[in-house]
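Subject: Structure handover

Hello,

Here is the structure you were expecting. My notes on it follow below.

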Amino acid sequence: MRLYSFLILLLCSITAVSQDCNNTLSGTVTDFHDGSLMVEATLIVAGTEQAVQTDSNGKFTIQNLCNDTYHIQVSHPYCLTKGFTVKLSGDTTKNFLLEHHLEELNQIIIDGKAYSDKTNTMLQNNLSKEALERFGSGSLGDALNSLSGVSSLNTGNTVVKPLIHGLHSSRVVIINNGVRMKDQEWGAEHAPNVAINSIGNLSLIKGAGVLQYGGDAVGGVIVAEAAKVPIKDSLYGKTLQTLSTNGRGISLNTELTKSYLNGWHANIQGTMKRFGDFEAPNYILSNTGVFERNFTIDIGLKQFEYGIEGYYSFYKNEIGILRASHLGGARDLIRAISNPKPLIINDFTYQINAPKQDVTHHLARVKGFKRWGGFGKLSLQYDFQRNNRLEFDIRRGDDKGDASLDLELDTHTLLLDLDTHLTKHVDLKTGIMGRYQSNFAQNTGIRRLIPNYDKYDLGIYTIAEYQLNDHWFLEAGVRFDHTQMDVYKYYRTSFWESRNYNQLFPEIVDEELNNQVLTSPELNFNNFSGTLGAKVVFNEEYKLFINYSLASRAPNPSELFSEGLHHSASRIELGDLRFGSEVGQKISLAFQKENAVFGYSINPYIHSISDFILIEPTKVEQTIRGYFQVWEYRQTNAQLLGMDIDASYVFAANFRYNHQFSLVKGYDQTRDEPLISMPPVNTKNEIVYQNTAFNNIRLALQSDYSFRQNEYPDTNFEVFIPETGTSETVDVSTPPDAFHLLNFNSSIDFKVTNESTLTIGFTVTNLLNTSYRNYLNRLRYYADDLGRNFSINLKINY
Amino acid sequence: MQMIWVEIFQSILKSIINFLNKNKMKQIKFLSTVLLAGLLLTACSKDNDTPEQAHEEELITTLKVTLTPSGGGTAILMEYKDLDGEGSDTPVVSVSNNLAAGVTYDGVIEVSNETEDPAEDITEEVKEENLEHQFFYTSGGGLDVTTSYSDSDDDGNDLGIEFTLTAGAASSGTLTFTLRHEPTKPNTGLSDAGGETDIAATFDVTIE
């Protein structure tokens, strides 16, 4: 096959006539599916028979070429060899994409789907290690935010929660190294507990079509995977250091990998990140420091027929919450909103005081698989996660310094997956998942926000993939999940009765205390989900993805059981015990043109969600502390419409223009009003200069424009002011103005020795030091967003 | 409505967890257990019995103001009680009597948490943390009163547990008592005090 294609190449190649033949063709060879760089790929120039290999970074350089058209054959072990036609004019950069399929069949992939497509009938976005390193001092949410269709719901600047097509929290499933993160992801101010530096490749699927990970990903799925380890004797590592001016912080990450030809491999990675108070353009954002520590250990054996792996990750993050955001009632909120500056500004410090979060996440996983020729692959995985979340509020008296919230969430999951090739063209994936979860809320002298509970999940899925012909690929899958929750919850008697629960659920009352009721609800949810999709490959460049997905999500503990004051939001939040599952149906289309010079994708979608759970203000409650706005969860029918556009154009040698546009509109169909907290229209435009011939220098200037959100529900409320005897409106709904940010990013490589490369990067974010507030930042009432930041990146690969 | 297979699944899971629990090394720290065990099969399931009731130690349910006429006479008692905290019940507000025009009163404030038994005296805490607290008195709606602080904190700034109130001409309106936590001290009043509101209790008051 290879020989054959090579012969064809030889036959149709034109021998170059020598003229000005000092040109260099350089670039990278990347995996067509996930953009990962391909090491030791061979490139042969037909006609001249020059042959080069890509280096450990997937890069190649071919010298002494003329201004002519060349045919280049690119091959890689286990890959389909592919011919490319390149027209040279001067030094040219070109990235070649190779189909990685064959390699996958041969490669022993320990974590099941490593680096391969997570779905074949939906457009998938990826962030490579290289791109992730640019966000090394930020968070996972910051990195994801750079993709079209993703925005972030922030609490200040350090709690960054990804928002996919307008949906977040429990609707976004995060898979970390094959393990579904269970880190109290329900809270809007809980950032994912995944260390960005431990990720080798990050994929984003903007929909629920990935049933093996769960049927409840109404918003989408984020898959983080560790870097692939080659099966050969090698020892390599990397140290990455970032120094930033804003927050006066440092981030240090180091990683070492050892592998053997017999398949054994080990990897260890650690990160320490410490920032003090961040700064807005005009003032210090007091108490916004962050102190993150994490490490991962991975040991495994990869063979063709079997493999086993053990993985452990520890993540701890201490995050300061803007001091000025801690309020006591609606009148404090009026003061905060009417004041252009935060009410509390202190001198810069690294100290993180209350209010703050201190989160620890342990994740351990063992996985093994066995492959039988002609049958398929069976894999078994057990994982354990422990998430301990401490939240510190400003407290009084003896409780000063104690956590207000102390939750420990333990999750055990057992997964059994089977991949079989039914026929040459039909693949079948089936699996069963069992999960046990328990939440334990310490008595902190404050009513429990999330009650103690035990939760059992059982899921079963099957997905069939059918390669009809060269052009059509079809996919269909179904999944069933059963969830049972056994809960112990103390309700306030006044709330219990005002909701009529005493009539509706008298059987779950265990005990009536002075002003509380102890209840033990047992909740059951049965959820069906499914996907149906097609991929149409018109030719090498044009592709169409069509996907319908049905996702069902059981309400999370916060939606069911919240009942109390949320300090950082200065509001009372009330869940609803009567909720049923939320069911989303999404149709997504993606038209893609892949071309090294001009490529684009257009991805419109329509998403109807019945029994969509949202939280919104309903009334104002008078307490001894004054007035508080009450936010209640409610179910409604929602519709989201949107479109993402990505485009990339090489307009001159080494110059590339990247464009991104994301639009989403969300409506509450029952009330006929816009949905709250929908991302405004956003567009990012970037000019990148990259020259692989000159130390791989990369200079990028990015413009990030966020429009004002003009569609929002009016949730303002009135508060009585005793001094004047009048009522004053608290404007909590008006979105802030549009803003425009300029960012600059650069890097350059230096070869230190044969084996090691030093990469120096220099980055400026918010170049013009623009003062702005973001509609999706929950602390936008209190302070401006981040001001200018300079950072220097040093990376040594060895 | 319990499906059989759910039962089976639960019992399998529970037995696995029980097995693991038997082998758990409670005394060794979790992390080292994980590292040592290597296979990380330590599962520490929590005690799933009834959780203890959380006492809301910092809850303030009640504000009592006693106004004693300086020249002697029957004291006026004002009480603002909200027993369910942030719950849906509205606070119960009472004022025992109208104020008399031209009379100066010595005022004392008491705050407590009446969900505890016996009720917890929070005035004590305010006194202990006097540098971090201050009461404010605000009249509104045409009520003709003037107030002044009778006590001070350890730095000599106003505290306000004790105060004097002088009733002016016959009028009616509102009188609000505000307790701020971590205010800026000294200050000229609520407008520049900052901090967080711990109490904001408004009474309808008449001077006759």
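A:Asn769 sits in the loop between β44 (757-765) and β45 (789-797) of chain A; strands are DSSP runs of E with at least two residues, helices are runs of H or I with at least four residues, and both are numbered from the N terminus. This is a predicted model, in which local features need pLDDT of at least 70 and side-chain atom pairs count only at pLDDT 80 or more, while totals for chains, interfaces and linings use all residues. Residues are numbered from 1 along each chain as its sequence is written, and chains are lettered from A and ligands numbered from 1 in the order in which they are written.

Backbone exceptions

Most residues other than glycine have a negative phi, and most peptide bonds are trans. A:Asn769 has a positive phi near 55°. It counts as partly exposed because it has 16 C-beta neighbours inside 10 Å. (Buried means 20 or more other C-beta atoms within 10 Å of the residue's own, exposed means 12 or fewer, and partly exposed is in between; C-beta atoms are placed from the backbone.)

A:Asp672, also not a glycine, has a positive phi of about 55°. A:Asp672 belongs to the loop between β37 (655-668) and β38 (673-674) of chain A, and with 7 C-beta neighbours inside 10 Å it counts as exposed.

Chain B has a cis peptide bond between B:Asp117 and B:Pro118, with omega about 0°. B:Pro118 lies in the loop between β4 (104-113) and β5 (120-121) of chain B. Another cis peptide bond joins B:Lys185 to B:Pro186, with omega about -5°; B:Pro186 is in the loop between β9 (171-181) and β10 (196-207) of chain B.

Strands in chain A

An open sheet of 3 strands runs in the order β4-β1-β7 (chain A), with mixed pairing (two strands pair if DSSP finds at least two bridges between them). β4 (59-65) and β7 (92-98) of chain A are at the edges with a single partner strand each, so one side of each has no neighbour in the sheet. Strand β1 (residues 23-31) of chain A pairs with β7(A) in the parallel sense over 7 bridges, and A:Thr30 stands opposite A:Leu97 in β7(A).

Strand β20 (residues 290-302) of chain A has a covered face that includes A:Val290 and an uncovered one that includes A:Ile299. β20(A) runs antiparallel to strand β17 (residues 264-275) of chain A, joined by 12 bridges; A:Ile299 is the bridge partner of A:Ala266. A hairpin through 3 residues joins β20(A) to β21(A).

Regards
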